[in-house]
Amino acid sequence: MAVIAVELAGRSYEVRVGHGLLRDLADHAAPFLRKEIVPVVADRNARRHWGATVEASLASAGKLARWYDVEPGEGSKSWRELERLTDWMLAEGVERGDHVVALGGGVVGDLTGFACAILKRGCGFIQVPTTLLAQVDSSVGGKTAINSAAGKNLVGAFHQPALVLADLAALDTLRDREMRAGYAEVLKYGLLGDADFFAWLEENGAAVLARDPAALEHAVATSIATKARIVAEDERETTGARALLNLGHTFGHAFEAETGFSDRLLHGEAVALGMVLAARYSARRGLLAEEASQRLTRAVDAAGLPAEISALNLSCSGRDLADHMLHDKKMDAGTLPFLLLRSIGAAFLAKDVALDDVAQFLDGELQAH
């Protein structure tokens, strides 16, 4: 088991990565479970696969799970579901000193974390992510949110978990498509600041996707350690360091918006294509060598992720996609910073990018590929 500390000002928490953590959930979470009843918010699919394991673990410690089921998909990150969940937590008597368990992917983690951030001005929660995407990204760092009519994750709060348990055995139940989508975020960590890790993924990515235990633990633990360092440096995204974690997301969110935030395009798939386009745009501006851009395209394509806009079958213009970016959370005084690349392992925040130029670039990509 790998243990990564997320060190924050005046407090810290652990992310534990390994096989069998769900089986031993009660032991790992014991310091935070002060009552007999343990509220567990779960994706229906995660509960179907792991509910009995969670109940057995809690029962071994004299605890009883009380379940709240969440429908899979981004549609559950809504005002309506947030209201239902907070009302349920209040009816269950959740107090500020209690901890709620979030079992599932990023949707459950985001929704539960936000509900815990606002319930009685803040109660605790434990992240138990069951997808690769959630394990390496959304479960760590304290960003919680729901979606609104204006866009994705625009209503939320920073609220750190008390503990994160990333059980790699949970990934055995994932569809291959979901595994590939999570792998996009793993690639991101190599791109933004660890060229050696990116090179390792070029050699071992197939083993990670095949769920080889050693390769998978190395990839997940390395990714989380990178995110933990960045979060510790810039918890609330005020210095620009944490913004690096959004590499590929500005383009990616535009594709998600154009496809209706649906299963037509998973978040990780959008990020993969977004990183490819960030690299190509960087090369277009003379910032990144063309070979480096092509190297990323090959890595994304080898993982079975979309590397060309044509794969999305969109009926839109570059301007339509650029307009979606106007709702990006990073907008500041009318300017949208972009995450670009100088090399593999060297991302930076560019504040001189004109959306008109981005729209023209995207028009070229829509026509050329």
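Analyst: Start with aromatic rings: rings of Phe, Tyr and Trp pair if their centres lie within 6.5 Å. F251, Y281, F338 and F361 form one aromatic cluster. Keep in mind that this is a predicted model.

User: How many aromatic pairs does that rule give?

Analyst: The count comes to five aromatic pairs.

User: What makes F197 and W200 a stacked pair?

Analyst: Two values decide it. Ring centres must lie within 6.5 Å, and planes under 30 degrees apart count as stacked. The ring centres of F197 and W200 are 6.1 Å apart and the planes stand at 15 degrees, so the pair is stacked. F197 and W200 are three residues apart in helix α7 (residues 195-209), about one helical turn.

User: Is F197 buried or exposed, and how do you know?

Analyst: Buried means under 20% relative accessible area. F197 has 3%, so F197 is buried. W200 has 23%, so W200 is partly exposed.

User: Why is the pair of F251 and F338 called edge-to-face?

Analyst: Plane angles over 60 degrees count as edge-to-face. For F251 and F338 the angle is 65 degrees, with 5.6 Å centre to centre. F251 lies in helix α9 (residues 249-258) and F338 in strand β10 (residues 338-343), so the pair ties together parts 87 residues apart in sequence. Both F251 and F338 are buried.

User: Why are α10 and α13 called roughly perpendicular?

Analyst: Angles of 65 to 115 degrees count as roughly perpendicular. Helix α10 (residues 267-284) and helix α13 (residues 355-368) pack at about 110 degrees, with axes 11 Å apart. The two helices are therefore roughly perpendicular to each other. The crossing of α10 past α13 is right-handed.

User: Which residues make that contact?

Analyst: From α10 come L277, R280, Y281 and R284; from α13 come D357, V358, Q360, F361, L362 and E365. By class, the contact of α10 with α13 has five nonpolar, one polar and four charged residues.

User: What makes α10 roughly antiparallel to α11?

Analyst: The cut-off is over 145 degrees. The axes of α10 and helix α11 (residues 290-302) cross at roughly 170 degrees and come within 9 Å. That makes α10 roughly antiparallel to α11. In the contact, A272, M275, V276, A279, R280 and A283 of α10 meet E290, S293, L296, T297 and V300 of α11. By class, there are seven nonpolar, two polar and two charged residues.

User: Why point out the phi of E237?

Analyst: Most residues other than glycine have a negative phi. E237 is not glycine, and its phi is near 55 degrees, a positive value. E237 lies in the loop between α8 (213-233) and α9. F261 also has a positive phi, about 50 degrees, and is not a glycine. F261 sits in the loop between α9 and α10.

Definitions and conventions
Residues numbered from 1 in each chain as written. Predicted model: local features only at pLDDT ≥ 70, side-chain atom pairs only at ≥ 80, totals over all residues. Heavy atoms only, no water. Axes fitted to C-alpha atoms, helices over the stretch in contact; angles between N-to-C directions. Helix = DSSP H or I, 4+ residues; strand = E, 2+ residues; numbered from the N terminus. Parallel < 35°, antiparallel > 145°, perpendicular 65-115°, else oblique. Left-handed = near helix turned anticlockwise from the far one by under 90°. Contact = heavy atoms within 4.5 Å. Nonpolar A, V, L, I, M, F, W, Y, C, P; charged D, E, K, R; others polar. Phe/Tyr/Trp six-rings, centres within 6.5 Å; stacked < 30°, edge-to-face > 60°. Buried < 20%, exposed > 50% of the residue type's maximum accessible area, 1.4 Å probe, protein only.
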